[in-house]
Amino acid sequence: MQTFNDRESLRGAIDPLLRLNKLIHAEFGPDSAPFVMPYDDRADTWRVKVREDILPNNLTVVRLLEVNERLLTEDERETVAALRQHVLDLERRHLGEAPIPGGSRWPRGMGAIAEPLDVNS
């Protein structure tokens, strides 16, 4: 897994993966129309995209953040731990035989992880 010398490079590596996952979630995820209208084919598409896109992307993001942990703040390290748990719960739900009800949600801090730090505050 690639290591980076600065936060900007790390963010540049994870950003496309996060953006794609966000797009897929908005279009096909549990908060979208397929789950309001369960017979919509997009609900099936969601299940496929979780396995083929979201889970692999999330695993790559976790690995990149872990290997570059030295670039993260303590709060961001906690966010990475929450992300790791979310990914495990999502895997259990979509790949496991016995999903755990009420798995963890996407960590709030992920939107700003590895963003430039404000050195004036």
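Modeller: α1 passes α2 in a left-handed crossing. This is a predicted model, in which local features need pLDDT of at least 70 and side-chain atom pairs count only at pLDDT 80 or more, while totals for chains, interfaces and linings use all residues. Residues are numbered from 1 along each chain as its sequence is written, and side-chain values use heavy atoms, with hydrogens and water left out.

Colleague: What makes the crossing of α1 and α2 left-handed?

Modeller: In a left-handed crossing the near helix is turned anticlockwise from the far one by less than a right angle (clockwise would be right-handed). α1 passes α2 in that way, and the crossing of α2 and α3 is left-handed too.

Colleague: Why is α1 called roughly antiparallel to α2?

Modeller: α1 and α2 pack at an angle of about 160°, their axes lying 9 Å apart. α1 is therefore roughly antiparallel to α2 (the term covers angles over 145 degrees).

Colleague: Why are α2 and α3 described as roughly antiparallel?

Modeller: Here the packing angle is about 155° and the axes are 10 Å apart, so α2 and α3 are again roughly antiparallel to each other.

Colleague: Which helix has the lowest mean pLDDT among the elements of the chain?

Modeller: That is α2 (residues 42-67), with a mean of 93, whereas α1 (residues 7-28) has the highest, 95. Over the chain the mean pLDDT (confidence per residue, from 0 to 100) is 88, and 88% of the residues reach 70 or more.

Colleague: What is the volume of the largest pocket, and which residues lie nearest its centre?

Modeller: Its volume is about 820 Å³. Of its 28 lining residues, His25, Trp46, His86, Leu90 and Trp106 lie nearest the centre.

Colleague: Which helices supply the lining of the largest pocket?

Modeller: α1, α2 and α3 (74-95) each give at least two residues. The largest share, 7 residues, comes from α1.

Colleague: How many residues of that lining are nonpolar, polar and charged?

Modeller: The lining divides into 10 nonpolar, 9 polar and 9 charged residues. Asp, Glu, Lys and Arg count as charged.

Conventions. pLDDT = per-residue confidence, 0-100. Helix = DSSP H or I, 4+ residues; strand = E, 2+ residues; numbered from the N terminus. 1 Å grid on protein atoms, 1.4 Å probe; cavity = no way out; pocket = protein on both sides within 12 Å on 5 of 7 lines; lining within 4 Å. Points joined across faces, edges and corners; volume = space filled by probe spheres on them. Axes fitted to C-alpha atoms, helices over the stretch in contact; angles between N-to-C directions. Parallel < 35°, antiparallel > 145°, perpendicular 65-115°, else oblique.
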